[in-house]
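Please look through the structure shown here with me, one question at a time.

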Amino acid sequence: DDQIRAQIPHALQSTDFAGLGKRYQGKVRDSYVKGDKRVLIASDRISAFDRVLDTIPFKGEVLTRLATYWFGLTHEIIANHVVAEPDPQVVVGRELKIVPVEVVMRGYLTGSAWRDYEAGKAVSGIALPKGLKKNQKFEAPILTPSTKEEKGHDQPISSAEVVARGLCTAEVWAKIEKAAKGLFLAGTAHAVSRGLLFVDTKYEFGLDPAGALVLADEIHTPDSSRYWYSKSYAERFAEGKDPDSLDKEFVRRWLMERGWMGEGEPPPFDADFKIKIARRYISTYEELTGLPFVAEVGDARKRIEKALKKAKLLS
């Protein structure tokens, strides 16, 4: 905890490396495009309810290292965009034509899917059977796409609508469905081997210049996925309690308990809460990989700049 506390003032809020290419800022990543390459720098920003809230020490490093770990485990299922990783917070990827759909896989009825189901709505066009309970496991994982909105919340959309709206061709969507299901099953098997349940996740796919489907962005990180502890799941489910989770869901709950769901001024995070969040991210990395998370306290931006120069990406 002392190390995490010491890193709070060094957490990476944003970057501006003019020489890297055209800059785009997402909720968490700053990306720079030049030619056929995209440099993605994972900041330490944390978002919830589509709003950037604060920075969490070591968060960007956890995300990048964990995504790299998963890319390594799943590269036989589908090719990914990674070309190089010059720093623990930086990925150099191939520039792709991104398919403008959030590809969400779900193994359990929870989150926004549960809220839609409880309200009597179909979940991304899927009419689920009656009588399901919150946090119940599906007989087989389901794919529930949503739109990628520039502003505001992504909207659920059915697989048929994805094709009908021309967001991608039927042929590409069929490949995406197959890849997403394969990745989710691989993630599920690995999580089980680590005493965890893989609840849901989202993927981003793109097409390379030859038209081949490629996995982009990140994979199976605490920002894009939910994990629960398997040992207590059955008992807590039987009692109608929320599962013990290992992800950033507790941050959303903390915000909701304070009456905030994206509108107006968010409640501030104090140092102790930032440490608690950082510890959760770090333990997700350690529990999924079985590796210790070792990082250095210091100016993340300076370290990244040095690494980019060494990799001859910056002059």
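**A helix pair and a cavity**

Q: At roughly what angle do the axes of helix α7 and helix α8 cross?
A: In this predicted model, helix α7 covers residues 249–257 and helix α8 covers residues 271–289. Their axes come within 10 Å, and they cross at roughly 150°.

Q: Is α7 roughly parallel or roughly antiparallel to α8?
A: The axes of the two helices cross at roughly 150°, and angles over 145 degrees count as roughly antiparallel. Therefore α7 is, relative to α8, roughly antiparallel.

Q: What is the volume of the largest cavity?
A: With a cut-off of 30 Å³ or more, the count comes to 1 cavity. For the largest cavity, the volume is about 100 Å³.

Q: Which element gives the most to the lining of the largest cavity?
A: The lining consists of 13 residues, and those nearest the centre of the cavity are Arg29, Leu40, Thr64, Val91 and Asp217. Two or more lining residues come from each of β3 (37–42), α2 (59–74) and β7 (90–94). The element that gives the most, with 4 residues, is α2.

Q: How many residues in the lining of the largest cavity are nonpolar?
A: Sorted by class, this lining has 3 polar and 3 charged residues. The number of nonpolar residues in the lining is 7.

How values were computed:
Residues are numbered from 1 along each chain as its sequence is written. This is a predicted model: local features need pLDDT of at least 70, side-chain atom pairs count only at pLDDT 80 or more; totals for chains, interfaces and linings use all residues. Side-chain values use heavy atoms; hydrogens and water are left out. Axes are lines fitted to C-alpha atoms, for helices over the stretch in contact, and angles run from 0 to 180 degrees between N-to-C directions. Angles under 35 degrees count as roughly parallel, over 145 as roughly antiparallel, 65 to 115 as roughly perpendicular and the rest as oblique. On a 1 Å grid over the protein atoms alone, a cavity is a set of points where a 1.4 Å probe fits but cannot get out, and a pocket is an open set with protein on both sides within 12 Å along at least five of seven lines; lining residues have an atom within 4 Å of a point. Grid points are joined across faces, edges and corners, and a volume is the space filled by probe spheres set on the points. Ala, Val, Leu, Ile, Met, Phe, Trp, Tyr, Cys and Pro count as nonpolar, Asp, Glu, Lys and Arg as charged, and the others, Gly among them, as polar.
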